[in-house]
Amino acid sequence: MTLGTWLALALAVVLAAECVRALRQRGLRQERWRRFFRHRTTSWGLGILVFLALVAVAAPLIAPFDPNRQLDIVYLKNHPPSWTFLLGTDVLSRDVWSRAVYGARVSLGIGALGALMAVSLGTLVGAIAGYYQRWVDAVLMRGVDVGLALPRIFILLMAVALWDGLPFAALVIAIGLTSWFGTSRLVRAEVMSLREQDFVVAARALGAQTGRIIFRHVLPNAAAPIIVSAALGVGNVLLLEASLSFLGIGIKPPDPTWGNMIADNAPSIYTAPWSTVVPGLAISLVVMSLNAVADGVQDALDPREREPA
Amino acid sequence: MTVATWLLRRLVASVAIIVAVITFVFILVHLAPGKPCLGQDEIVDPAVCARVSTQLGLDRPIAEQYRRYLVALAHGDFGYSYSLRRPVRDALIETIPFTLQLAGAALLLDFLLGLSLGIYQARRANRLPDIILGNLTLFVYSLPTFWLALLLLLLFGEKLAWFPVGGPSDPIFCPVVDSFYCIADRLWHLSLPATTLGLVGAAGTARFQRAAMLAVASQDYIRTARAKGVPERRVVLRHQLRNALLSSITRFGLALPFLLTGAVLIETIFAWPGMGRLAFEAILTRDYLLVTATALIASTLVVTGSLVADLLVGVADPRLRVRAAREPDIVTA
């Protein structure tokens, strides 16, 4: 670790903490933001996510080594954590800290993009089914029934087997296409109850177009379940990508993702546990933070389900 | 519309879903690039290719191929696995029991531990034990299953050597399970993989059950029960738990996809000879008949699971029976 990387790292921590503090400060005036920050875990979760996003963006500044460079395969293989190698080196003598930092880019990227795609698709299908009802609803929801019956990992395994390895974009699309079914059910239920509300009837009576009613009047009121399922979705996609990479069918090596870091170093877990433990902890930290933030959003946007304090 | 018709409709719907899944898989296989007799035209004589295609029925129209595929599946014929050099069906029959043992044990742990934790936490909501357990379940729930498996393997398999590191049974004394000792041996081998899979599920169940218990706690009938002097224990067990359990039964049906996904990873790590590992090995050898078959079986298991969950909810919740009679299209999940 050089002085520059330490500085960059410290800066990321300070920025993340400052970001959360500023949000809290501003939020204290508004009831819904107060509810969002009511649990301390939510603030921590948000801070950790902001920090990791900063790390992913500023990876070249924070990583002291090239993540794919094998420093010295003879003498620096499975080197324990030290001041030079903050988190040690892996079985191919690559710096674990640098790989974890660059892995954040791929892992968080796939998580965010895959979940974005899944949630957009799920929201769209759910809104259409819930708003139009009748045969549109019947057709779409039977499709969703089929989708829910397909265990995702088997379908993805099949896709990988048939297409002989998938590039990054295809992997994101495949994950996005197989992850929206749950969201669409949630959104559909929400839209079905909202469309009967007076304000929607009023909008229709005023002659608003269907698209406008759905996007301006109905969906904003269904924001809570959509945001929550997006937050949980990022975590799920992250875990799925890690599982696929672990099975050796995700992102192609040597590019690091947290999943394939675990896979690469699992054989030497007994002699050099750090190179397996670090990416695993990173994954669970992100998923945990996302869960905590999702809880906070639920509290903030949906006061109906507030639990008795 | 009676309850019986409702159940019948659910059954028909389940069969329809499975047929749709089969169709989807069929289309996916046909969309994939490459041909059974592919690429290396310089090496393979076109005449041989044509003969193989005729032999496999690949020169027929696609509708005819689809019909033949359905008929074959209906006869339990999943095709021939070229990587294992045996019918796919035999491989499935051999591996499915192992997956069911693993998933069953994990499911048992998931719900026994998860429900008890959830109920305990709800009883002490927002007090210290609840907060500690809440953070703990959040942590476990966020762990990647395969990573937890590696850590447990390292700790209990290698360092402490309390449990075997892999395999379904002792290969010397218990190649087949035929005695009491061998049943114990199987359970001993099962404990580590099932615990890994069950723990992560249990954390989710606990969080879910806690929320369900608290949602019920503010209902009027709970207050009524307390007001008329029902003992606290009875209020919790008879009034609160019974109603909170309903949503957990629905979750029971949804647990299967999670368990099957986990099984692919866990079975691979613990050398457990189940369907998940079969699917994974089939990927490595690009044996797509085998992959397709495992995907179909997994889907069928999921559909069956949610059907069973629906039946259980129907049995447990009289309100649903009344509603089902009125609104035939009701879905519980």
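This is a predicted model: local features need pLDDT of at least 70, side-chain atom pairs count only at pLDDT 80 or more; totals for chains, interfaces and linings use all residues.

Visitor: How do I read the spacing of side chains along a helix?

Guide: An α-helix has 3.6 residues a turn, so residues three or four places apart point the same way. Helix α5 (residues 96–132) of chain A has 37 residues, which at 1.5 Å a residue should span 54 Å; its end C-alpha atoms are 52 Å apart, so the two values agree.

Visitor: Where is the kink in α5(A) centred?

Guide: On A:Gly103, with a bend of about 30°. Just after this helix, A:Gln133 has a positive phi of about 50°.

Visitor: Is α5(A) largely enclosed or largely in the open?

Guide: Largely enclosed by the rest of the structure, because 26 of its 37 residues are buried.

Visitor: Which residues have the most contacts inside the largest nonpolar core?

Guide: They are A:Leu157, B:Leu102, B:Leu259, B:Ala279 and B:Val291, in a core of 169 residues. The element that gives the most to this core is α5(A), with 16 residues. As for B:Leu102, its contacts beyond four places in sequence include B:Leu190, B:Pro193, B:Ala263 and B:Trp272.

Visitor: How many helices and strands does chain B have?

Guide: Chain B has 12 helices and two strands. The C-alpha trace of chain B spans about 85 × 60 × 35 Å along its principal axes, and 36% of its 333 residues are buried. Of the contacts in chain B between residues at least 6 apart in sequence, 72% join residues at least 24 apart.

Visitor: And how do I read an interface?

Guide: The size of an interface is often given as the accessible area lost when the parts come together. Here we can count residues instead: chain B brings 40 residues to the contact and chain A brings 36. Several helices of chain B supply at least two residues each, among them α1 (3–31) and α9 (232–269). The largest share on the chain B side, nine residues, is from α11(B). By class, that side has 31 nonpolar, seven polar and two charged residues.

Key
Residues are numbered from 1 along each chain as its sequence is written. Chains are lettered from A and ligands numbered from 1 in the order in which they are written. Two residues are in contact if their C-beta atoms, placed from the backbone, lie within 7 Å. Helices (H or I, at least four residues) and strands (E, at least two) are DSSP runs, numbered from the N terminus. Ala, Val, Leu, Ile, Met, Phe, Trp, Tyr, Cys and Pro count as nonpolar, Asp, Glu, Lys and Arg as charged, and the others, Gly among them, as polar. The expected span of a helix is 1.5 Å times one less than its number of residues. The bend at a residue is the angle between axes fitted to the seven residues ending there and the seven starting there. A residue is buried if 20 or more other C-beta atoms lie within 10 Å of its own, exposed if 12 or fewer, and partly exposed in between; C-beta atoms are placed from the backbone. A nonpolar core is a set of buried Ala, Val, Leu, Ile, Met, Phe, Trp, Tyr and Cys residues joined through C-beta atoms within 7 Å.
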